[in-house]
Amino acid sequence: MTINVSGEAAIAGVANTEFSKNSGVSELELASVAVRDAIADAGLKPSDVDGMTTFTLDNTDEIEIARAVGIGDLTFYSRVPHGGGAATGLVHQAVMAVATGMAEVVVCYRALNGRSGHRYSSGVAGPLLTSDAIHWGWYTPYGLMTPASWVAMYTQRYMHLAEDVQDAMFEIAHVQRQYAAKNPAAFFYQRPFDRADYDASRPIVSPFKMLDCCMETDGGSAVVVTTAERAKDLKHPAVIVKGVAQAAAADMESMTSFYRPEIARIPSMDIAAKMAYEQSGLCADDIDAAVIYDAFTPIVLWQLESWGFCDLLEAPKFVLDGALRSDGRLPTNTHGGQLSEAYIHGVNGIVEATRLVRGQSVNQPAKEVNNVLVTSGVGVPTGGALLGRSD
Amino acid sequence: MKTLNYTDVSIGDKIPDLDIPITASLISCAALATRDFEPCHHDKTVAQSMGLPDVFMNILTSQALMARFVTDWSGPEAVMKALKVKLGAPNVPGMTMTVSGEIVEKNDNEKSIKVDVTGENNIWGMHMSGSVQIALP
Amino acid sequence: MTPEQTKAFEEKVYTFVGKPIYKGPRRGYDDVNSAMIRQWCEVMGEKNPAYVDQDWAEKSTRGHLIAPPAMMYAWTQEGYKVASEGRPTDGQVEMVKFFDSHGFSGSLGTNVDQEYFAEAKVGDAIFEESVIESISEQKTTARGVGYFFETYAKFTNQDDVLLGTQRFRVFKFIPPEQEEAAPTNSDTLEIPTRVAAPRGQDNKWWWDACDEGKILIQRCASCGALRHPPRPMCGVCQSTEWDTIESSLDGELFSFVEMHHPKFPGYQYPLLVGVISLAEGTRIIANVVGCDVKDVEIGMKLKGKVERVDEKTILPQFYPVNN
C-alpha cells in the first residue's frame, strides 16, 4: 500500500525569535523561545508536543529544548543532514510522522548564533575533522573554500548560457530588500538600496557582490506540524501540507557537483518539484506565491526553472518581467528572504510561507493566495513543500 | 632630482613594487621618530600580552612609508594633497612588506593624481591599502 | 551584556560624541625643526631633498625646506610619558577608559584619512584641535563585537593657516578570550601555506602522485570507465578493481571564479579557480594562472603543469594555450 501524505498534515503554529547580529543569549535559549512561541501560536500547550525535528547541523539537543520548554514524552525525533538543504526536510519528517501515527504534534526548529558565533562565510579552512574532509580536499588547496565560491562556479556557467543574469541577480536582491525595508522584523528594515549601491558593493567571489549574499544572523525559527484533523480546531486556519519531498540527484557532491554534464541547474530540485507536484495534484500555475531559498541571488533563478515557472535558462527574463514583486506573477520572499530578513537556514522561510497562506505576511500580496511554495537550500541535497488552504 | 610632469603620467600606470624588510629596529625606531611612545611598538613583552608575536608597526610609520613610496617615484616637487590608509594585518619583525601602486585618477584642473597604494606582507597578507593624492608640476 | 546593559552603556557612550579632546588648540612640544625631520627621514628611508637638502630646497619652486606632510600628526603627539606613566587624561582617553571598563578593551586603529592644504616649514608652530566626531552602532567584525569611533583633527600654524585635517577611526571591541597570550617566537614566524588536502585511504595515492608531478585519473579495471575525484568503487559496474592513467593535462575551461573576500593566508591573489574538462573526459578543479582575469573565458584551451606553489604544496596549475 502506498500512502500519499498530501493533505494528511498541517502547519498549525509558527514563530521567529528576534533576528540580530549578536543575540547575547545561548542557542538553547533561542531555540526554546522559538519553539515555545510556535506552540503558543498554534494554540497548543508544550505538553501536547510529542515529536521534534531539526538539522544535524543544529547544536541544540531536542531533549534539552524539551526540558527547557516543558515538553513531555517524545515518541518521534529526527534530524536532517546537509545544512540549509534540511529546511523543508524538517516538515517532510514531521509530515511522515503524523501521517503514520508515530506522533501527533511535531515541532520543527532551527536556532543559531550564526553571526556572533561560528560564521559559515569563514569557509571550510582550518582543521577538518569530519568524514567529508577528503571531499573538501579536492577544493581547498586551490582556494575554493567558501559557500559563495562554490555557488559562484555554477553561476559563471549559467551566465555563459543564459542572458541578463547579472540584471536578474540585482532584481532579486533589490525586490527582496524592498520587502525587508517594510518588515519590522527584518535585519534590513528601512534600509533599501539602489542599483548604484549594488554595483558598488564589495566583490566577494566574482561574479558575486556583497549584496548577492545573505547576511549571517543570530536567531531561531520554529513551526508546529500536526494532523490536518487536529489542526481544524486550533487558533489559526490550518495550513495544509499538500506536497513535500526531499531529493539528492545522481552524481552529487555537497556543494561541489561540478562533474555533471551541465552544472548551470539544480537536478535535485527538479526531482523534489516533480514529487511534490505529483503528491498534491498541483502544477506551477496553481502556485500563487513562493518562498525560495536564497543564500545567494542566482539560486533563486534555477529553482524557478526547477518548479516550472519558466523554461530552462529563461528565469532571468521571468524575474526581470517583475514576477517576484508584490503585484507580479509570483510574489517571492515577501519577508525579505535570507538576503534581507535573516539567515535561519530557510526555516524562517517556512514561517513566512505559512503566513502567506494565512494572509498574515507583513507584505501580503493583494491577490488571493491559496497555494505557496517553500524550498530548502540547494547545492546540497534539497527539497521543497507546497502549502495551501484546506479545500 | 627630477619630478614627473602631470602630462607624463596616465591612469593605469604602475609604480614599481618596493620591498621593505620589517625589523624590530625599524618598528621601534620609526615609532619613536613619529613620537608614538605606546609600549606595544617598542616593548616585545607588551606586544605579546596583546597576543602578537612581537612589536608591531604603528600607523604613523605605515603612513610615512606609503607617502615615501609615492614621492620617491614622483620626485620632490610633487605636493601631497591627501593620504588615506586602511589598516589590515599587523607588520611584525621577520616579515617583508611589498608596496605596490597604480595611478587611478587624474584631475586636470588641479593637475593632481590619485595613486592607489597597497602594502602586503608575505606572512599575513594585506597590511595597508589606501591612496595618496599628489599635485604635479 | 544583556540588551538592557547595552542600552545603558550606549546612552552614556554616545554622550562623548561632539566632545573636544583637548581644552582649546594644543601646541606641539616642539615647533617644526630639522632635527626631528632628519631623524624621521633616516628611519623611513626618505631621501626627498625637499625635506632635508637645504641647497636643493633654496633652488626649488618652494624656495625653502618643508616638513614631510605625513609628519603632521607627529608634531603634537605626547612624548615618553605615554610609556613611563601612561597617557595623560584628555577627552579621548576618558572615552577609551569608559569603553575599557565595559569590556571593550581591545583597540584597533582601522583608518586614517589626512588632507593637506598647506606645507609646514621649519620654525612653524603646529596646533591641533580635535573632537570625537562619531561613534558607530554596535558592530560585529572578525575581531569581535564593538564600536568604531572617529576623531576629527584640524592642524594649523602660528598664523592660523590650516595645514591639514585628519580623520582617525578606531575599533573598540571585546577581545576574544586569549589562550594564555601565546607568546610566539618571532624567530620561528611561519610562512603560511595553502590548506592541504587530508590524505586518506581512497585518495592518498592521487596526492602522492601529484607530489611527484603526475596527475592520475582512476580507471575501472573491469569496465574501463574513468572517474575523478577517486572513489573505491566503479559506479558503472560496481567493481572495486582499478588502475590509473596519467592525464595529458590538456584541458578546456568549463567554469571559473575569482576569489576576492575573505582572503586566506597562504594564497596568492588574484586567485582564479576553474572547473576544467580534461581531454581524457573527466573534470578537475584547479587554479587558472598566467593570465589576466579579463582574458579568461569559458571554453578557452588550457594546459596544466604540476608546480610547487609554496613550501609545502604541489598542485596542478593551468595556463592558457596561445592558439
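Contact, in these notes, means heavy atoms within 4.5 Å.

**Ground rules.** I am working on a predicted model, where local features need pLDDT of at least 70, side-chain atom pairs count only at pLDDT 80 or more, and totals for chains, interfaces and linings use all residues. Residues are numbered from 1 along each chain as its sequence is written, chains are lettered from A and ligands numbered from 1 in written order, and side-chain values use heavy atoms, with hydrogens and water left out.

**A:Phe309.** I looked up its partners, skipping neighbours within four places in sequence: A:Tyr277, A:Ala284, A:Ile287, A:Leu304, A:Phe318, A:Arg329, A:Leu330 and A:Leu373.

**Cores.** A nonpolar core is a set of buried Ala, Val, Leu, Ile, Met, Phe, Trp, Tyr and Cys residues joined through side-chain atoms within 4.5 Å; buried is under 20% relative accessible area (1.4 Å probe, protein chains only). The largest one has 107 residues, and A:Leu144, A:Phe258, A:Leu304 and A:Phe309 touch the most other members. Helix α6 (residues 165-181) of chain A gives the most to this core, eight residues; helices here are DSSP runs (H or I, at least four residues), strands likewise (E, at least two), numbered from the N terminus. Domain 2 (198-246) and domain 3 (249-323) of chain C both give residues to this core, so it lies between them. I also noted a second, separate core of 84 residues, which includes B:Tyr6, C:Val13, C:Met95 and C:Leu163.

The bounds come from an automatic or database domain assignment.

**A against C.** I find 37 residues of chain A in contact with 40 of chain C. They bury about 3,500 Å², 65% of it on carbon and sulfur atoms; buried area is the accessible area (1.4 Å probe) that two parts lose on being put together, summed over both. On the chain A side, A:Trp138, A:Pro141 and A:Tyr142 lose the most area to chain C, together 24% of what that side buries. I count zero salt bridges between chain A and chain C, taking one as a side-chain nitrogen of Lys or Arg within 4 Å of a carboxyl oxygen of Asp or Glu.

**B against C.** Here 46 residues of chain B are in contact with 47 of chain C, and the buried area is about 4,000 Å², with 57% from carbon and sulfur atoms. The rule finds one salt bridge across this interface. I looked it up: the side chains of B:Glu38 and C:Arg87 meet at 3.0 Å, N to O.

Methods. Buried < 20%, exposed > 50% of the residue type's maximum accessible area, 1.4 Å probe, protein only.
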